[in-house]
Amino acid sequence: MMSGYNYFVAEDAHLAISKEIAKKYNYGTFSARFGNLYTARQLWQLAQRAYGRFTPQEDAWEHEDGWLDPYRPNIQPGGFVSPEELHADREQHFAAVRTMLEECDVFVFTFGLTEAWRSKVDGAVFPLCPGTAGGTFDPERHEFVNFTVDEVVADFSAFTDFLLEVNPDVKILMTVSPVPLMATARADTSVIVSTAYSKAVLRVATEMLAAKYGQAFYFPSYEVITGNHARGRYFEEDLREVRPMGVAHVMRLFMKHYCGIETGAPRPLPARDDDSGDAFAEKMAENIGVICDEELLDQGESAG
Amino acid sequence: MTKPKLLCFGHSHLVCIDVAVKWREQSLEGFRDAFDIRFEQLRREPYHPNFVDVGGKRELTTECENAMASAIADFKPDAILAVFSGQEYQIFSILNHPIKFDFVTPNNPAYVPKNSEIIPFVLVKAQLKYLIERSVLIFIDKIKGITNVPVFMVAPPPPIESEEHILTYPGPFAEDAKEFGVSPAPFRRKVWKVYCDILKEEGARHGANVLMPPKTVMDNGYMAQDCWRKDPVHGNVKYGNAIIHMVLNRAFGHAGVNKHD
């Protein structure tokens, strides 16, 4: 917003909920409350689900805290009180996803992983392996998958064709996550080798997709962060997380080369600049205050 | 014989209790000799304003803090009655929000209200808890930091079921009530219940004994009609009388007079 661009949030918490609380429950973190979308397949299935074109059989996971959505298991600490509440929230979420897809000017997607877990029943892809954040892993129903270049290109192409149908003027910006894998599910393969494969596949796929679609562009944040020139200085001590200065540098380059805006030296990301709360709640509080004052003024009388 | 001393801190819901105690002192033989009860109204100076924002954190003003400490030191109570705030649930629920909302509860998990935005229950709970933490619990923590005497915290009055009553005595809500409408009574009762559940849990965690309004002032989860005051949220002297009766019994084992037991 500092640069005159809005991060489009189509699904925010109700105004009656304070910003501090909303943030804890992942409102405003994502454009809609879908959580991390690691793979192109996950993105494509989300769009299909939002438009009622795909309904996975695995619907809800019962957890000690409540019911979890298998397709965004970490989105709501404490879970949902029932499958019915989960479904109601999911419908609101899908409406927000539709709004997001139809009304955004620029759609940004960061390709994160090629490895995923999916349902053997209908191919539904989970963001996390069932049994980790919730659910139960069942080898009869769940399987590991490591997507190929062709699969990633096919999934994102299907998504892009669909997006252009509902939002013909949208521009698509693709990036590849510079964050290496923390672990791999490939047997007998080092996480280092798996990371190299995954990033190579995603990088090739984005190149092919940029060549295929006139409205899709690749922005090399992956190279900016991971390239030899950076000498690893954009990574935190854990060698995975990207330092704020790395993020700021990427954003500065993006603003300069894609938006024609010079933002100067890297600086910390801005804090939320929308401090306006719920005007209605504020008015209600004011009214209550008046009544409470009147109650005190009336104290000399009967109070009855 | 030393009279047991009850020190009462609170906001507007304390008023009906204060009036009830005065009525008891004047009308009930032996009551004045049975207890020493003092009221400290936090909506008045030197307590008011209660809070100040310190680097984004809400704290009691020095004046409020000092006044509370002085009141406790001077009076040396045997027990404290805390009737703090309690309006948070009303702010959240008394009128229809311009963007109508509702929520599913664990008591009726399969029922999804229609024609409203559904706020997840955990979020409703988190919001009400947040409001309680920013008001009631700050006072409780302050008191518990000063004295070890038992603190009895009374939950706020339940909502008034009658929309007609609220619209007849809307006070400053008149204009907004006309525009947005009074929210459905079951919704207001539901919010009150969640609020009280959090209050019980958090109050206990912070060392207070949380008391719910007695059955005598309740009717099907709402405030009994004979306890309504001529405004949309407060209880009357009958309500206050029932509360002080309950608190005295809980704090000292009797309420001073038999005929109101």
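Predicted model: local features only at pLDDT ≥ 70, side-chain atom pairs only at ≥ 80, totals over all residues.
The model scores ipTM 0.88 and pTM 0.89. In chain B, helix H5 meets helix H9, and helix H1 meets helix H10.

**Confidence**

- Chain B has a mean pLDDT of 93, and 98% of its residues reach 70 or more.
- For chain A the mean pLDDT is 90, with 89% of its residues at 70 or more.
- Residues 266-274 of chain A have pLDDT below 50, and this stretch has twelve contacts in the model beyond near neighbours in sequence.

**Helices H5 and H9 of chain B**

- Two packed helices are described by the angle between their axes and the distance between those axes.
- Helix H5 of chain B spans residues 121-133 and helix H9 of chain B spans residues 185-205.
- Their axes come within 10 Å and cross at roughly 60 degrees.
- H5(B) and H9(B) are therefore oblique to each other.
- The crossing of H5(B) and H9(B) is right-handed.
- On the H5(B) side, the contact is made by Phe121(B), Lys125(B), Leu128(B), Lys129(B) and Ile132(B).
- On the H9(B) side, the residues are Val191(B), Val194(B), Tyr195(B), Ile198(B), Leu199(B) and Glu202(B).
- The residues of this contact between H5(B) and H9(B) comprise eight nonpolar and three charged, with no polar ones.
- H9(B) has 21 residues and reaches 30 Å from its first C-alpha to its last, close to the 30 Å expected at 1.5 Å a residue.
- Just after H9(B) comes Gly207(B), which takes a positive phi of about 90 degrees.

**Helices H1 and H10 of chain B**

- Helix H1 covers residues 15-27 of chain B, and helix H10 covers residues 237-252 of chain B.
- The axes of these two helices come within 7 Å and cross at roughly 80 degrees.
- That angle makes H1(B) roughly perpendicular to H10(B).
- H1(B) brings Cys16(B), Ile17(B), Val19(B), Ala20(B), Val21(B), Trp23(B) and Arg24(B) to the contact.
- These residues meet Val237(B), Tyr239(B), Gly240(B), Asn241(B), Ile243(B), Ile244(B), His245(B) and Leu248(B) in H10(B).
- The residues of the contact of H1(B) with H10(B) divide into eleven nonpolar, three polar and one charged.

**Backbone details in loops of chain B**

- Glu45(B) and Pro46(B) are joined by a cis peptide bond, with omega about 5 degrees.
- Pro46(B) is in the loop between strand E2 (36-41) and strand E3 (51-54) of chain B.
- Pro49(B) is also found in the loop between E2 and E3 of chain B.
- The peptide bond from His48(B) to Pro49(B) is cis, and its omega is near 0 degrees.
- Lys76(B) lies in the loop between helix H3 (62-75) and strand E5 (79-83) of chain B.
- Phi of Lys76(B) is near 50 degrees, a positive value in a residue other than glycine.

How values were computed:
Residues numbered from 1 in each chain as written. Chains lettered and ligands numbered in written order. Heavy atoms only, no water. Axes fitted to C-alpha atoms, helices over the stretch in contact; angles between N-to-C directions. Helix = DSSP H or I, 4+ residues; strand = E, 2+ residues; numbered from the N terminus. Parallel < 35°, antiparallel > 145°, perpendicular 65-115°, else oblique. Left-handed = near helix turned anticlockwise from the far one by under 90°. Contact = heavy atoms within 4.5 Å. Nonpolar A, V, L, I, M, F, W, Y, C, P; charged D, E, K, R; others polar. Expected span 1.5 Å × (residues − 1). pLDDT = per-residue confidence, 0-100.
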